[in-house]
Structure formats: structure tokens, C-alpha cells
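User: I have a model open and would like to go through it step by step. Could you help me read it?

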Amino acid sequence: MPNTTVRAAAEGMPTLNRRTALAVTSAGLISAITVLSTPAKAVPAETAPVSTELLRLIEAKHAAYARFEEAIERATPLEEKYLPKTAELYVPLSIGGGQSHSLRYSELERVEDDLRGDIKRRYREQASKLVALHKVAPDLGKQSAAALRKAEQADLRTLKRLVTQERARRSAVGLEQAINERNEASDAERSALNAVCDYRCTTMEECRVKATFLLEFATGRYGDLQPEDVDALLWSFLPVEALESAVKASEGGAA
């Protein structure tokens with residue numbers, strides 16, 4: 001099952017592969033890697049050993065992926081049981097109506113951020129309607145604006161309270177812990193893949209091993225390379241000095 005940055009696939013949403021940057025923007029590099037993945041019969045392995053560091057990084061990636069799979073298997077049934085597809089967090093608003101957000105596919109932090117933004121937008125819309133009132137009755141306009149700000153703050157406090165209650169409900173059944181573990185495992189797996197991309201090969205045998213690994217684990221079957229992975233992979237073919245020069249040039253331009 002592919003890992004994704006948004007973790008949507010892990011959480012039951014329609015699968016969203018990691019960006020296909022490698023296939024789209026680095027077609028030439030894919031071709032080069034494909035060539036490198038052919039066994040180098042002219043260079044015996046004993047004369048071109050693979051460093052223990054590269055092997056360690058690849059093993060760490062395997063271990064991270066196994067952890068991620070276990071986290072998915074634990075979290076998914078809990079979500080199915082405690083987060084039905086219709087579950088929403090609903091915040092009643094002092095100006096009438098309310099604002100809601102699905103709880104099914106988003107982390108609580110994102111739900112809270114999105115709802116906070118929606119609530120503030122609703123109040124900005126109400127405040128914009130007071131422009132005419134300010135012109136004809138300044139005092140009344142100021143009072144109305146103050147009342148809106150007070151109501152907005154009250155509704156935002158309500159949002160915070162509801163999120164706290166929802167987190168407690170999830171924690172009581174182990175769902176919050178399972179989601180946190182899945183997120184941490186996802187991040188660890190992403191970091192492990194990037195570390196392999198970043199490794200600088202010193203022999204053709206190392207290039208072959210690295211290319212073979214990436215062809216299997218980073219071309220759609222288990223997930224796709226993210227832009228930062230593509231960057232790391234491309235820079236790994238260049239001398240360290242080239243990267244240092246690029247960084248200095250970038251810092252100089254920013255200054």
C-alpha cells in the first residue's frame with residue numbers, strides 16, 4: 001500500500017500516490033537508473049564492494065515501511081469503528097447557522113485549523129456588511145463591530161472546546177494514539193527513503209544496488225518520490241562542492 005504525504009491512502013481515502021515528480025520531471029534520470037540496474041558483470045562484486053552505510057540505509061527503509069504497515073493495520077479498524085464516514089465536527093455560530101468539517105479523513109489539528117479559518121471568514125463577511133452602517137451611524141457601527149468580535153472569540157473558544165472533547169473521545173478508545181503512531185511511522189518512512197536518495201555512491205556496484213532499490217520501492221508500487229527526494233537523488237550524483245556552491249549562491253541571492 002503506497003505511503004502518501006497527506007496520508008490519505010493510509011486513512012481509507014482514494015489512493016493519492018506520492019507526486020510523480022521522478023517520472024514526469026526526471027525521465028532522463030529514470031532511463032539512466034534503468035541502465036544502472038543491469039547487473040555489472042564486468043565488475044565483480046568483490047572488487048567493487050557496497051558500503052555498510054548504504055546497506056544500513058536500505059535496511060532502515062525496509063524497517064520503516066514495515067512499521068508504517070503495522071501502524072496502518074492498527075489504525076484503520078479503529079477509524080472504521082469510531083469514525084463513520086458521516087462523522088463531522090459541528091460548531092454552532094453566534095451569527096446564525098454553523099460551520100462543520102468531516103472528521104473522517106483529517107487529523108484534528110487540520111480540522112481545527114480549517115474550521116478556525118472558515119469561522120473567521122464568516123465573520124469577515126458579516127463585518128463587511130457594516131460599512132454602510134458606519135457611514136450613517138458611526139457609534140452604532142462601532143458597537144456592532146465590537147459585538148461581532150466578541151461573538152467571534154466566543155465561537156472560536158467553542159471550537160477549541162469541541163476539539164478537546166473529540167481528542168479525549170479518541171484517546172479513550174486508542175484511536176488518537178493509533179493515528180499519531182501512523183503519522184510518525186509515515187514521516188519516518190519518508191525520511192528513510194530520502195536518506196537512500198541522498199546517499200552518494202562511490203562505486204558502480206553501489207549505483208546498481210541503489211538504483212535497483214529505487215526502481216522497486218519508488219516508482220509507483222510502494223509510493224512515488226517527492227520533490228525533495230528527487231532533489232536529493234540528483235544532487236547525490238554531483239560533487240559535494242557543487243552542492244555547497246549552490247547553497248552559498250542561494251544564500252547570497254536571498255541576502
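Analyst: In helix α9 (residues 227–235), the buried residues are D229, V230, A232 and L233. Buried means under 20% relative accessible area, exposed over 50%, and partly exposed in between (1.4 Å probe, protein chains only). Helices (H or I, at least four residues) and strands (E, at least two) are DSSP runs, numbered from the N terminus.

User: Why are those residues on the same side of α9?

Analyst: They cover an arc of only 165° around the axis, which places them on the same side of α9. The arc is that of the directions from the helix axis to the C-beta atoms.

User: What kind of model is this, and how are residues numbered?

Analyst: It is a predicted model, in which local features need pLDDT of at least 70, side-chain atom pairs count only at pLDDT 80 or more, and totals for chains, interfaces and linings use all residues. Residues are numbered from 1 along each chain as its sequence is written, and side-chain values use heavy atoms, with hydrogens and water left out.

User: Where is confidence lowest and where is it highest?

Analyst: The mean is lowest in helix α1 (residues 21–25), at 31, and highest in strand β1 (residues 88–92), at 96. Here pLDDT is the predictor's confidence in each residue, from 0 to 100. The chain averages 81, and 79% of the residues score at least 70. Over residues 1–46, pLDDT stays under 50.

User: How many helices and strands does the chain have?

Analyst: The chain has 10 helices and 2 strands, in the order α-α-α-β-β-α-α-α-α-α-α-α along the sequence. Of its 255 residues, 37% are buried.

User: Changing topic, how many aromatic pairs are there?

Analyst: A search of the whole structure finds 1 aromatic pair. The rings of F213 and F217 have centres 5.1 Å apart and planes at 25°, so the pair is stacked. Rings of Phe, Tyr and Trp (its six-membered ring) pair if their centres lie within 6.5 Å; planes under 30 degrees apart count as stacked, over 60 as edge-to-face and the rest as tilted.

User: How far apart are F213 and F217 in helix α8?

Analyst: They are 4 residues apart in helix α8 (residues 204–217), which is about one helical turn. An α-helix has 3.6 residues a turn, so residues three or four places apart point the same way. F213 is buried at 6% relative accessibility, and F217 is buried at 10%.

User: What does K210 do with the ring of F237?

Analyst: The charged end of K210 sits over that ring, 5.9 Å from its centre. The criterion is NZ of Lys or CZ of Arg within 6 Å of the ring centre and within 35 degrees of the ring normal. The side chain of K210 also makes a polar contact with the side chain of S236, at 3.0 Å. A polar contact is a pair of N or O atoms within 3.5 Å; within protein, one must be able to donate a hydrogen and the other to accept it, and residues adjacent in sequence count only if both atoms are side-chain atoms.

User: Where is S236, and is it buried or exposed?

Analyst: S236 lies in the loop between α9 and α10 (240–254) and is buried, with a relative accessible area of 9%. Its C-alpha atom is 4.9 Å from that of R200, although the two residues are 36 apart along the chain.

Technical notes. Contact means heavy atoms within 4.5 Å.
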